[in-house]
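Student: I have a model open and want to go through a few spots in it. Can we start with a single residue and move on from there?
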Amino acid sequence: AEKSLLESDKQALLDFANNLPHSRSLNWDANSPICHNWTGISCDDEGNRVISVRLPGIGLHGPIPANTLGRLSALRILSLRSNAIDGSFPLDFGGLKNLTFLYLHYNRFSGPLPLDFSLWRNLTVLNLSHNAFTGTIRTSLSSLSQLTALNLAKNSLSGEIPDLNLPNLQQLNLSDNDLVGSVPRSLKRFPKSVFLGNDQSLLDYTVTSSPLVLAPRDQGSRIKNVGKLSQNAMLGLVVGGSVVGLVGFGFLLFVCLLRRKADNDDDVFTGKLEKGERAISGGEDGSDKLAFFEGCNYAFDLEDLLRASAEVLGKGTFGTAYRAIMENATTVVVKRLKDVNVGKRDFEQQMELIGGIKHENVAELRAYYYSKDEKLMVYDYYTQGSLSSMLHGKRGENKTPLDWERRVKIALGAARGIARVHEENNGKLVHGNVKSSNIFLNPQNYGCVSDPGLAAVMSSVPPPVARAAGYCAPEVTDTRKATQASDVYCFGVILLELLTGKSPIHTTNGDEILHLVRWVHSVVREEWTAEVFDLELLKYLNIEEELVEMLQIAIACVVRMAEQRPKMSQVVKMIENMRPGEGSIPMPSSPGVV
Ligand SMILES: Nc1ncnc2c1ncn2[C@@H]1O[C@H](COP(=O)(O)OP(=O)(O)OP(=O)(O)O)[C@@H](O)[C@H]1O
């Protein structure tokens, strides 16, 4: 049955190519294997269905013939950008229920946008810019809860912009249309540039500041009542606030504590922490205290945190990370969690579990804080940044050259760290968020994993934002439930990042989004193995064998069937075997000892 599905996909593509003139020839030979040889076509791992059609700049001209591409019911990626296709948006695309990326920009499409976008629930990126679409922007776009990028620029769309409720939307462009009215509330977080080239009235709004900065005015009257310490905190925050680019983290905490303070009159602040003291907070209900872990050498408490100035490091799946610099120059990372759905007891239990992991390859949780309104975690600050920023650079900066030796150490360390996490809780703890922005370097320059076990306290694993989507094991896309096997998959993606130097989801010249795992598979399948590797690595001599060996380990980790993936402890052994010398490095703390 599967073969016949592929056969009908093939027929649909032939019908398409035979009925739409194109100035460049396609090598779509009915007798050659479609998944391997046909330009622009890729299939799923089993080779049963066509999942991606990419035909940019082929010189396609004329309308898309009806009942052709619309029959590719397993299609996830469709790119026909930069052609000369005209006519209206094909009605039969409604059958492409799995469509995730749709690129039709730089064509001559005209007529209205489809009425009902809810047909494409998985749509993540939609680019229809540089066409001649008319009519209104559809309200039904709101049903695309996965949408991260929407580009409708350079069309002739008219009317008002509907209030689109798209929480995951990160990129928007509606410029150069004939839109009127005002920018709806939901889109005021985007800069004015995305509305340029429409009616002037659209530019008359104030960009809403980051929703992070809590500054309720009515708190002002309470400030007088909080005594000396808090006045110091105020001072701290004024100083912090005067530094450009710093957000008043103190203020943030301050406000939230103030609220508590007003609610119950306990003293909010504990005294200084004795070295090594287990300081799970002294307050009556303990709700306002930072809970530190044993052996923590930090001499700071909430009061110091209050006075810290902080900078937003980034927003992640589970919340926002801040770099907080204390007055004594201690720098920590504070993670402010959103959507925690467990009670205090369960939260504490999970934090104790995570904080109890003492291992050189697991970033240590130093302290945490739980109150009704605020859940915080405190980590060391890693000055070198994450593996992600080292490999891919933040906006082109920060890129650290990583030679092969360093990459092997990072891979090995991260593998050991994840394996250690998997031993916790009677061998049941899942990391749940393995990705290169959660890998740091320990003092010996081995990889070190951060952020384990958070999924357990969160309401649900949110749909991955585009950046994280490349790590998502295929089964997790449906189940939304991370497992140890899905951690192994994510680790495999990190190995691929280390080998290729590419991001798990990367764009090619023409804004198209490629999925690293699929890309590697397609290249390896066609036996261009050498082309897979990071150019920077190819300048080192005599490492080819190790590169290929590591590639094999990576591919074993990202196999589609979860039960066929190796266990993390086996992955550690495989990497160690590649490097006989590495296996003998003693581990400072034996697993399980807290
Ligand atoms: N302890 C740390 N030291 C230095 N940088 C950090 C630390 N923890 C996080 N970061 C950086 O801060 C940014 C935001 O981190 P955060 O963990 O909130 O998001 P993320 O890693 O992108 O996603 P997720 O929430 O899914 O882990 C990332 O670039 C991350 O690498």
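Student: Is Lys 335 buried or exposed?
Tutor: This is a predicted model. In it Lys 335 is buried, because 21 other C-beta atoms lie within 10 Å and the cut-off for buried is 20 or more.

Student: Where does Lys 335 sit, and what does it touch?
Tutor: Lys 335 is in strand β17. Leaving out residues up to four places away in sequence, Lys 335 touches Gly 319, Ala 321, Leu 376 and Met 377.

Student: Which feature does UniProt place at Lys 335?
Tutor: The UniProt record, an unreviewed entry, has "binding site" there.

Student: OK, the ligand. How many residues surround it?
Tutor: 18 residues do, and the closest are Leu 313, Gly 314, Gly 316, Thr 317 and Ser 386. Elements giving two or more residues to that shell are β15 (309-315), β17 (331-337) and β19 (375-380).

Student: How do the residues of the shell divide?
Tutor: Seven are nonpolar, eight polar and three charged.

Student: Changing topic: which residues of α15 are buried?
Tutor: Leu 547, Met 550, Ile 553, Ala 554 and Cys 557. Seen down the axis of α15, they fall within an arc of 125 degrees, so they line one face of the helix.

Student: Why would that spacing give one face?
Tutor: An α-helix has 3.6 residues a turn, so residues three or four places apart point the same way.

Student: And what covers the buried residues of α15?
Tutor: The cover includes α11 (484-500), α14 (535-538) and α16 (568-578).

Student: What span should α15 have?
Tutor: Its 14 residues, 544-557, should span 20 Å at 1.5 Å a residue, and the end C-alpha atoms are 20 Å apart, which agrees.

Notes
Residues are numbered from 1 along each chain as its sequence is written. This is a predicted model: local features need pLDDT of at least 70, side-chain atom pairs count only at pLDDT 80 or more; totals for chains, interfaces and linings use all residues. A residue is near a molecule or strand if its C-beta atom, placed from the backbone, lies within 6 Å of it. Helices (H or I, at least four residues) and strands (E, at least two) are DSSP runs, numbered from the N terminus. Ala, Val, Leu, Ile, Met, Phe, Trp, Tyr, Cys and Pro count as nonpolar, Asp, Glu, Lys and Arg as charged, and the others, Gly among them, as polar. The expected span of a helix is 1.5 Å times one less than its number of residues. A residue is buried if 20 or more other C-beta atoms lie within 10 Å of its own, exposed if 12 or fewer, and partly exposed in between; C-beta atoms are placed from the backbone. The arc is that of the directions from the helix axis to the C-beta atoms. Two residues are in contact if their C-beta atoms, placed from the backbone, lie within 7 Å. UniProt positions are given in the numbering used here, feature names are shortened, and annotations may be inferred rather than shown by experiment.
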